[in-house]
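Colleague: I have a model on my screen. Can we go through its sheet and its aromatic residues?

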Amino acid sequence: MYFTQHYLDCLSQASYLIGDETTGQAVVVDPRRDIAEYLSDAADHGLHIIGLINTHFHADFLSGHLELAQATGAWIGYGPGAEAEFEIRSLADGERIDLGEVTLEILHTPGHTPESISVLVYERSEDEVAYGVLTGDALFIGDVGRPDLLASIGVTADELSRQLYDSIQHTLMGLPDAVRVFPTHGAGSACGKNLSTEKQSTVGEQRRFNYACQPMSEADFVALVTAGQPPAPEYFVYDAILNRKVRAVYDAEQPLAALDAAAMRTAIADGAVVVDAREAEDFAAGHLTGAMNVPADGRFAETAGMVLQPADGIVVMAPEGRAQEVAVRLARIGFDRVTGYVPEVEAFLSAHPELTSRASRLTPRRLAEALTSSNAPLLIDVRNGAERDAGFIPGSLHIPLAQLHRRILEIPVDRPAVTYCAGGWRSSVAASMLRRQGCTDVSDLLGGFAAWTTTQQPANA
């Protein structure tokens with residue numbers, strides 16, 4: 001058997017290539033849109049991809065099922081009840097898929113979504129204990145999938161959490177302890193609240209250490225898994241719907257167009273948003289007026305999905321040599337309307353000072369002084385709820401970054417504002433968003449809450 005995990009740090013997303021080395025038949029589970037890695041991996045090991053399985057209709061990224069099906073002729077499989085605009089193979093609970101000696105078995109594990117499945121992987125069809133189980137977004141390492149993401153499209157969190165109880169407590173915890181657990185997401189994903197940095201585990205380890213896998217009543221389970229979930233990025237609903245539709249197939253190898261000043265001005269005049277993917281320090285030193293700062297080194301795609309809209313045209317300003325990478329990462333969440341990029345960003349900004357601005361960043365000491373002045377700024381905490389519960393700066397308004405777009409009118413444009421997060425990354429994103437929306441005096445806190453707590457009096461807790 002050939003079994004490998006392809007892990008994407010930016011989205012904390014795992015996909016899997018499973019093949020039988022005797023027959024050469026292989027299946028990819030939960031693929032992303034840039035598919036070259038799967039094709040190369042399969043070719044290197046003498047495998048032909050005959051099928052693609054999505055464990056559910058994903059919300060946090062756009063799946064690569066259409067891209068892989070076009071490239072390989074493979075069938076596309078989903079769990080019971082799944083409906084899509086394209087042809088799918090409906091996979092029934094208990095169905096077995098023979099690749100040769102290697103066999104896959106489908107387990108219907110609803111709860112994150114109604115059609116969610118897990119996939120048992122057997123090295124040999126006669127094995128009594130599976131090599132592993134691909135749990136999708138049902139069971140994570142240290143957590144379980146959140147049941148509240150489909151509330152806006154007609155399925156309640158209460159309905160799904162009760163389904164998830166049965167899937168976790170009975171179906172998955174009914175497997176032998178030795179079965180390895182391979183989820184679709186790891187730490188940092190907004191698909192859960194307590195995901196581990198580990199990328200695999202066992203059923204036995206989860207039975208012992210995962211809070212949601214302990215014996216408990218359905219009511220207790222529902223209360224536990226629905227409490228304290230972070231706000232979901234707005235693009236999640238867009239992707240969950242688009243993953244059901246026929247759409248354009250993405251070509252990650254298509255080179256991005258280089259834009260000169262005239263072409264960039266035209267794109268902006270047509271409504272394009274400039275996404276500056278440089279580090280916050282470089283952005284603060286000089287950036288195109290009105291640009292959004294979403295640094296490439298970090299949770300770029302998910303964050304871009306919080307502050308941009310899917311219909312936005314996009315112009316990329318990126319660290320040298322990384323514009324194509326930024327465009328691919330945007331495409332992974334379905335944000336395809338990238339007009340082009342500005343090459344040699346620093347040289348461009350130096351040549352066009354009339355188009356540039358600087359961003360204010362305050363040290364904790366300067367912020368403390370500003371808060372005691374007669375024109376004290378509005379302080380905006382853009383962290384998630386669990387972070388704020390552990391402590392916050394007194395007097396701050398709490399608006400998690402994922403909610404800032406829809407709550408932007410709560411912030412007066414004519415009052416000074418300061419954004420802060422844990423360490424200074426998200427706060428730069430938020431501050432750039434506020435400036436773009438017309439706030440004229442916006443700063444962010446250097447070093448974030450961590451720096452504040454080391455230099456100021458203890459914060460409220």
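The questions below cover the sheet, the helices and the aromatic rings.

Modeller: This is a predicted model, where local features need pLDDT of at least 70, side-chain atom pairs count only at pLDDT 80 or more, and totals for chains, interfaces and linings use all residues. Residues are numbered from 1 along each chain as its sequence is written, and side-chain values use heavy atoms, with hydrogens and water left out.

Colleague: What is the strand order in the open sheet of six strands?

Modeller: Helices (H or I, at least four residues) and strands (E, at least two) are DSSP runs, numbered from the N terminus. Two strands pair if DSSP finds at least two bridges between them. The pairing here is mixed, and the order is β1-β2-β3-β4-β5-β6.

Colleague: Which strands stand at the edges?

Modeller: An edge strand here has a single partner, so one side of it is left without a neighbour in the sheet. The two are β1 and β6 (89–90).

Colleague: In β4, what is the bridge partner of V29?

Modeller: Strand β3 (residues 25–29) runs parallel to β4, and five bridges join them. For V29, the partner in β4 is I53.

Colleague: At about what angle does helix α1 run to β1?

Modeller: Axes are lines fitted to C-alpha atoms, for helices over the stretch in contact (heavy atoms within 4.5 Å), and angles run from 0 to 180 degrees between N-to-C directions. Helix α1 (residues 36–44) lies across β1, β2, β3 and β4. Its angle to β1 is about 160°.

Colleague: Why is the pair of F57 and Y78 stacked?

Modeller: Rings of Phe, Tyr and Trp (its six-membered ring) pair if their centres lie within 6.5 Å; planes under 30 degrees apart count as stacked, over 60 as edge-to-face and the rest as tilted. The F57 and Y78 centres are 4.4 Å apart, so they pair, and the pair is stacked because the planes are at 25°.

Colleague: Is Y16 buried or exposed?

Modeller: Buried means under 20% relative accessible area, exposed over 50%, partly exposed in between (1.4 Å probe, protein chains only). Y16 has 1% relative accessibility, so Y16 counts as buried.

Colleague: Which residues form one aromatic cluster with F3?

Modeller: F3 and Y16 form a tilted pair, 5.7 Å centre to centre with 40° between the planes. The cluster holds F3 together with Y16, Y131 and F182.

Colleague: How far is the charged end of R96 from the ring centre of Y122?

Modeller: A charge sits over a ring if NZ of Lys or CZ of Arg is within 6 Å of the ring centre and within 35 degrees of the ring normal. R96 sits over the ring of Y122, and the distance to its centre is 5.0 Å.
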